[in-house]
Amino acid sequence: MGAGGRASGKPAKKQGATRGTGGKVRRSLEGRGATPPAEMRHWYKDKARAERVAREERGGTSGRRPAPRPRKSEDAPEYIGGRNPVVEALRAGVPASALYVGQRLDNDDRVKEAIKIAADKGIALLEVSREKLDRLTDGAIHQGLALQVPAYDYRHPDDLIGYAQEAAEAPLIVALDSVTDPRNLGAIARSATAFGAHGLLIPSRRSAGVTAGAWKTSAGTLATIPVARASNLTQTLQAYRESGLFIIGLDGDSRQDIATTTLAADPLVIVVGSEGKGLSRLVRESCDETVCIPMTTATESLNAGVAAGIALYEISRLRRQ
C-alpha cells in the first residue's frame, strides 16, 4: 500500500516559525570588552601601597632589585652566636658589652653558665625575640644566645715586639698574607696562643679581620693574643727585619723542610699565605727563608689554619731542644 493512503495514527508536528533567543546567545558571545589594566582596578592603590611599605621595611628601593646591604663600619660591634662559643668567649674574658637571650629559651647548663658569668661581670642581659637574634647574627646559628662584642682594638705592629721583650722571650709573630676567611684567623689565633706566639699581624686591606666568625673559631683566645694591623705588609716585614727579626715564609713550592730551619730559636716572624695563591711575590721576596711542610702527593695544599698550627708546633719543638 502506498504511503499516501491512510494516516499512521500519530498527530503530525506543527510546521512553521519557532521561538527564538532574541539575540541572547549573540550578546553573551560578545563578552564584556577588553580587560582593564592593573592601575584601573579598584584594588590597585591598596596593593601598591602595601608593596611600598614592605620594601621600605626591608630597606629596599622602588625598583625591582633590592638595595645592596650597607657595608658594616669598622666601629660597629660584632655578635658571637651559639651556646658553646658564647660560653667559651665569656670564660676567656672576651670584652663583651651585652648578652642577648632568646625568649622562652630552654635553660640548659650552658645557658645558665652564660647568664651567671655575664651577671657576675656586669654585662647587660637582654631578652629578645628569635627574629631579633636572627638579625643580630646575620642568620647564623645562635641557639638562642648572642654575645655583643665591641669593635676590636687593633695594636700597632711595633707593640708585638714590645710584648715579647716584656716577657723576656725571643719574639714569635705570625703574619697573614691574603688570608681572607675569618675562621682561618680564629684558628690561627688558637694555635698561636697554644704555642707561645706573641701576636698576629694582618694587612689592613684584603684580609680577614677580627669579626664574629673569628671570635667564634678562636674559642675566646683572641682575647689573650694581640692582633696588629699593617697598612703595608711588605714594608712592615722589612721594618721587622731591621729590628733584628728573621722572616720565614710557608711556601708549598719550597724544597726546605721546616724541621731543618736554623732560625727557630731566633726572633722570628712566620708568614702564612692563602690556601689558593700562597705567598704574594713581594712578601716572598721579603723572607729570609721559605720552608714547606712535607706532605704526600695526594694532598696539594693545607688549609691556612692547619698549616699555621703545624708550623708553630714545629718551631716550638725546635725551641725546646
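**Two helix pairs**

User: Is the crossing of helices H3 and H4 left-handed or right-handed?
Analyst: This is a predicted model, in which local features need pLDDT of at least 70 and side-chain atom pairs count only at pLDDT 80 or more, while totals for chains, interfaces and linings use all residues. Residues are numbered from 1 along each chain as its sequence is written, and side-chain values use heavy atoms, without hydrogens and water. For H3 (residues 83–91) and H4 (residues 109–120), helices being DSSP runs of H or I with at least four residues, the crossing (left-handed if the near helix is turned anticlockwise from the far one by less than a right angle, right-handed if clockwise) is left-handed.

User: How many charged residues are in the contact of H3 with H4?
Analyst: The contact (heavy atoms within 4.5 Å) involves Arg83, Asn84, Val86, Val87, Leu90 and Arg91 of H3, together with Arg110, Val111, Glu113, Ala114 and Ile117 of H4. With Asp, Glu, Lys and Arg counted as charged, Ala, Val, Leu, Ile, Met, Phe, Trp, Tyr, Cys and Pro as nonpolar, and the others, Gly among them, as polar, the contact has 6 nonpolar residues, 1 polar and, as charged residues, 4.

User: How are H7 and H11 oriented to each other?
Analyst: H7 (residues 182–194) and H11 (residues 304–320) pack with their axes 8 Å apart, at an angle of about 15 degrees. Because angles under 35 degrees count as such, H7 and H11 are roughly parallel.

User: Which residues of H11 does H7 meet?
Analyst: The crossing of H7 and H11 is right-handed. From H7, the residues Asn184, Ala187, Ile188, Ser191 and Ala192 meet, in H11, Ala304, Gly305, Ala308, Gly309 and Leu312.

Notes
Axes are lines fitted to C-alpha atoms, for helices over the stretch in contact, and angles run from 0 to 180 degrees between N-to-C directions. Angles under 35 degrees count as roughly parallel, over 145 as roughly antiparallel, 65 to 115 as roughly perpendicular and the rest as oblique.
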